[in-house]
Amino acid sequence: MDRERYSRQMLFAPIGEEGQEKLKNSAVLIVGCGALGTVAANQLVRAGVGHVRIVDRDFVETSNLQRQMLFTEEDAAHMMPKAIAAKSRLEEMNSGVEIEGIVTDVNAGSIENLLENMDLVVDGTDNFSTRFLLNDACYKHGLPYMYGGAVSSRGMSASFIPGETPCLRCLLGSGYDSSGDTCDTIGVISPIVDIIASIETAEALKWLTGRKDKMRRSLLQMDVWSFQTQEITFKSPRPDCLTCGTKEYPDLQQARADEAVSMCGRDSVQIHSRTSFDLNQLAEQLQAVLNVEVTPFLLRVEISSDERLVVFSDGRVLVQGTDDISRAKTLVARYIGS
Ligand SMILES: [Zn+2]
């Protein structure tokens, strides 16, 4: 172990040398590498968690730089996938950590593989459909789920432990709708993101170092602008909860291949078109008629002044400039084929 590197963390008595050794032997999955995910990844990698797996489906854009702390202007200019850019930045910070960067969509078909060999899941997502999926997957596999979310100047966080605490579905109910407010519609400031991600990380460190008695048993809500905080203490799990009660895991049961989703507030639609794309071959086809940019990770085609297709090698197409799913499907069928 790198004693000098972790000396201040080991001097912190609740972690100590023993806790540091446990961190080294731990593996964490971070789902979503936006604002929350970059902050959590930065802290966990610096703290010496032995294996960090980062999954994100998106690429870096200029509007991310205000709060997504691992990314640079160059990442945005090169349209780097967030998972790849994060991995290379984090490796510069701590070469002793095994870091995986996976560019894919987290859905019912992929989540269980992504959980393999992991000890805990950190929520870096921006939507409740993925959160309910993570909640189901974590409870099914007995992994703690560090939930966090931030929008505007407000944030929420809770640590869900299968077999011990209620789950996200117990707290919010199945049909929870976050009223449609997202970072892309009403904005977000970085202090709330950093706070929420830091709380998620602190809870993760407690679990991973064996101090689970210290974990918070509440849903924390905070507004960093008006400075209000509220904590709702956990009650018992609901016996009829479809996740932790009856163990039906409804969000894991959904067949999601071939799915088209409108990306809330982003004026874009994601279509899972096939299992993979050969980007260079596709670029050759399209270059004759359209303006195409291709990187090792994605291909971007300008269709008109306000519509664009971004094709990922994992089989996804992001249609930018529309939130209409049928329009998006038409464009994909016309330019890429189905
Ligand atoms: Zn539950």
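Biologist: How many aromatic pairs does a search of the whole structure find?
Modeller: The search finds 7 aromatic pairs. Rings of Phe, Tyr and Trp (its six-membered ring) pair if their centres lie within 6.5 Å; planes under 30 degrees apart are stacked, over 60 edge-to-face, the rest tilted. This is a predicted model, where local features need pLDDT of at least 70, side-chain atom pairs count only at pLDDT 80 or more, and totals for chains, interfaces and linings use all residues. Residues are numbered from 1 along each chain as its sequence is written, and side-chain values use heavy atoms, with hydrogens and water left out.

Biologist: What is the geometry of Phe128 and Tyr147?
Modeller: Tilted: 6.4 Å centre to centre, with 55° between the planes.

Biologist: Are those two buried or exposed?
Modeller: Both Phe128 and Tyr147 are buried. Buried means under 20% relative accessible area, exposed over 50%, partly exposed in between (1.4 Å probe, protein chains only).

Biologist: And Tyr145 with Phe160, what distance and angle?
Modeller: That pair is tilted too, at 6.0 Å centre to centre and 35° between the planes.

Biologist: Which residues form the aromatic cluster?
Modeller: Phe128, Phe132, Tyr145, Tyr147, Phe160 and Phe234 form one cluster.

Biologist: New topic. What lies over the face of Phe128?
Modeller: Arg131, at 4.8 Å from the ring centre. A charge sits over a ring if NZ of Lys or CZ of Arg is within 6 Å of the ring centre and within 35 degrees of the ring normal.

Biologist: Which ring does the charged end of Arg316 sit over?
Modeller: The ring of Phe312, 4.1 Å from its centre.
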